[in-house]
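Please open the model in your viewer and keep the sequence panel beside it. The stops below say what to select next and what is found there.

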Amino acid sequence: MKSIEIRQQFLDFFQEKNHQIVPSAPMVVKDDPTLMFTNAGMNQFKDMFLGNKPIKFPRIADTQKCLRVSGKHNDLEEVGHDTYHHTMFEMLGNWSFGDYFKEEAIEWGWELLTKVFGVDKSRLYITIFGGDQADLMPADVEAEKLWQKWISPDRIIHGSKKDNFWEMGDVGPCGPCSEIHVDLRPDDQRKLVDGKALVNTDNPLVIEIWNLVFIQFNRKADGSLEALPNKHVDTGMGFERLAMVLQGKQSNYDTDVFQPLLQAIATLSAQPYGVDRQKDVAMRVIADHLRAVAFAIADGQMPSNNKAGYVIRRILRRAVRYGYTFLGFEKPFIHNLVPVLVNQMGDYFPELKRNQDLIVNVISEEENSFLRTLATGLTLLQKIIDDVKAGGYKTVKGSEAFELYDTYGFPLDLTELICRENGLIVSRREFDEEMAKQKERSRADANVETSDMIVVREDDREEFVGYDHLTTTVEITRYRIVKTKGKELVHLVLNITPFYAESGGQIGDRGILKSADGEVIKVLDAFIENNLIIHLCDKMPSNIHGKFKAIVDEKLRRLTANNHTATHLLHHALRKVLGSHVEQKGSLVTPEYLRFDFSHFKKMEAEELKAVALEVNRMIRENHQQELFKDIPIDEAKELGAMSLFGEKYGDLVRAVRFGNSIELCGGTHAQSTGQIGLFVIRHETSIAAGVRRIEAITADAAEAFFYEQHETLSELKTLLKNANDLPKAVQNLLDQNRDLQKDLDAAGQKIVNGLIDGLKAKAKNVDGIDVISQRLDLTSDNAKNLVFRLSRELNNTLIVVGLVQNNKPMLMVTLTEDLAKSGRLNAGAVVRELAKEINGGGGGQPHFATAGGSNAEGLDKALSRAECMI
RNA sequence: GGGGGAUUAGCUCAGUUGGCUAGAGCGUUUGACUGGCAGUCAAAAGGUCAUCGGUUCGAUUCCGAUAUUCUCCA
């Protein structure tokens, strides 16, 4: 059975059981600070389990794109070396939110696997939660009994809390889980060892394929468990593993999920897959990482140098490095594989197809830049190796390898490989020490101590009223203390709030909370965590139980609104001027300025930028009123023509904002009418990644200030240039004149020098067999330098000392002709230092030419007269 | 967010105890050879050594700040 059919049958099966089939949520997580990427199927439903969000469908099934590369689940370094770890994979899952429970979940799981997919029952084993003394939890006999309807009791295993009790975090919903394991070993091996003994022992052929989680408890802060009124089911089955089982393979990479990619890599590298172990690992790494990176880019996450973007960059670079080292790819190649992936998965994941060009471009650019990094690293490493060899040593210092890695991004294993080829070893111990120091520094800096959320009063809904009110009376529902870098701040949650929390690129509101007795708490920021609006405050209120007046800083809010609305107008104008391939890739809206990233393949021309700015300003002057569509279904919004962005979840009610022809889905705060923006000015247009441009712009007060600043600079220039009509031409003339004058000056100086040469030559005085010329000159130091260099070229066996005064400061110049300098009898540096004593100065230079400056011009003549004593 | 680098000609980069009249390769222009192109040879043009401040007799070089950028860690 083809993998595409497997996915479809899974979804069809649950659809028949009245499940709502929803699309995969984006792999990139935007509104949960504890998570960078979706790492399990349940992520997009977390808020429903927590009770922070209402349940829309009691039964849901989907396939979820997941990425496990950081945090608790970090498989990155394993990937490729074995047959079943992946960075990106699909998790098939079915959910019940307060609807069916263990009985149906178990029955359907069994039915799908054995009847629909036809998995051999004699190869299946079940684990159930075996109870835990410390938690006073009995075994999950309920599940065990239900399983016994389908499978013989001796194939059911009691598992530990570690394997069979699922918890989301330290507190919150949790419950026992039941796993289905399958034994894929050949029959002869199965006869030798019972598969039951190999369950949960990391055997690559006796593996878990489906985990059914029964959420029935709530873990409280004191560690105790209480039964939930609503019980949920959360299941997850690895799609790639399922394909392996159903296609009778022994490796995920042998299924049709990976084979097309692996074959394409084999063709590109002109080397077969399945022959050389090391090369196979490299090919698996590339195939896996390409999937992860392509999906991440499709979800709007570009490779970059921090946070989530950095994780993506690292994955891609790991693939490039394996290709470079083991398959001999020295030019970008991974981007060539994108069409294969799109062809294979683009039907079910249309975002891949839609962004294909972007993905190819971004990957290609990243490959190039990393290959450049490698090239610089290779030069540096060669230098290190040469030094080590020259010194007769055998070991490259760990600190040097670390510097290569840390500062220049050159991978350690490559350093080691090249060193080995040169008969050298790298001190791994020193490297690890340096790495530990680096980590310590970062940890010390990022050290944030967060206490538990303390609940002040129960209030499950925290409502945002800030669209209509900037001031409201509020009460504190929860708080916690946060310590970072010795500073103590407070997180407050309110029953209702006028503060807009950072979202959709718009940063959080600032303002104050004022208590009844006049105490003022500053609100420094507001952001969303697990669907709660957290207010970052500078201190704890003395009475947290009282009522407060929450006041949003109105001016900042207004400026932010201007910039947000201007962002929409900009988006609209860009599509009008450049074309509909322009899509938003990122956005930042602050009171000070706005930043808009969008897909476009080349630098914008000056005329295009102007056309965009003109269009935006035209829409501002047309003074379009804000039209708001609150809580409309997403399909309805699309019919209105709203541009949809990343991150909306299926079935959500959305908010759409319209100004004239610009309609966007947006939860942000906006100007009442576009006229309020006043003026829009683009400040910068730059590239941030291949195929992605960034525009930074300002509006209103800031734009006005910018305009006047420019105007004043221009006025000053005009005044300076005597009100020239054509300012640029006047400046050009000045520059031309300046250059001509400089040339004339040089020529004149040369003439003076020419005129002085013969006279100076005649002044030579022979002292102990050396000619000495000592003369005070009225020249600039440049001309004097010219002069003495000419003299030293034209003469032999001569010491030339020249003195001059420039800006009231005396200066000495000592030159030896080449033969005299080589003879070693004199050293210009030594001579100039001695003579400089007379002018209260010091100096130095090279053996044949040295200069000195000083503060006592009176002593210059004495210095010159002492020249012949230097012999 | 923290650490470490980088910024020198149009491009890629050299440039060590601070003083070598700032260099190389590629590219550009001109000339010569050639029937033309390609090519070879020769020559030339092209630099506020990122910006601002400090130390010094003297700063591309040392120190500090800013900007841009790379990279590692979180």
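Begin by selecting Ile-632, which stands opposite Val-654 of strand S27; strands here are DSSP runs of E with at least two residues, helices are runs of H or I with at least four, and both are numbered from the N terminus. This is a predicted model, in which local features need pLDDT of at least 70 and side-chain atom pairs count only at pLDDT 80 or more, while totals for chains, interfaces and linings use all residues. Residues are numbered from 1 along each chain as its sequence is written, chains are lettered from A and ligands numbered from 1 in the order in which they are written, and side-chain values use heavy atoms, with hydrogens and water left out.

Now extend the selection to S26 and to strand S27 (residues 653–659), which pair in the antiparallel sense over five bridges; two strands count as paired if DSSP finds at least two bridges between them. Both belong to an open sheet of three strands, ordered S26-S27-S28 with antiparallel pairing. Strand S26 (627–633) and strand S28 (662–665) are at the edges with a single partner strand each, so one side of each has no neighbour in the sheet. Helix H17 (residues 554–578) lies across S27 and S28 and runs at about 115° to S28, where axes are lines fitted to C-alpha atoms, for helices over the stretch in contact (heavy atoms within 4.5 Å), and angles run from 0 to 180 degrees between N-to-C directions.

Next, select strand S10 (residues 206–219), of whose 14 residues twelve are buried, so that the strand is largely enclosed by the rest of the structure. Buried means under 20% relative accessible area, exposed over 50%, and partly exposed in between, with a 1.4 Å probe and protein chains only. Strand S9 (residues 172–183) runs antiparallel to S10 and is joined to it by ten bridges, with Pro-173 having Asn-218 of S10 as its bridge partner. Strand S11 (residues 225–238) is also antiparallel to S10, through nine bridges, and Ile-215 stands opposite His-232 there. Between S10 and S11, which form a hairpin, are five residues, and Gly-223 in the turn has a positive phi of about 95°.

From here, go to Lys-102 in helix H3 (residues 102–116). Is Lys-102 buried or exposed? Lys-102 is buried, with a relative accessible area of 2%. Its side chain makes a polar contact of 2.8 Å with the side chain of Asp-140; such a contact is a pair of N or O atoms within 3.5 Å, of which, within protein, one must be able to donate a hydrogen and the other to accept it, and residues adjacent in sequence count only if both atoms are side-chain atoms. Leaving aside neighbours within four places in sequence, the residues in contact with Lys-102 include Glu-142, Pro-176, Phe-214 and Gln-216.

Then select the six strands of the open sheet ordered S31-S32-S33-S34-S36-S35, in which the pairing is mixed. Its edge strands are S31 (765–767) and S35 (842–845), each pairing on one side only. Strand S36 (residues 849–853) runs antiparallel to S35 and is joined to it by four bridges, with Gly-842 opposite Gly-853.

Finally, show chain A as a whole, with its 25 helices and 36 strands. The C-alpha atoms fill a box of roughly 120 × 70 × 55 Å, taken along the principal axes.
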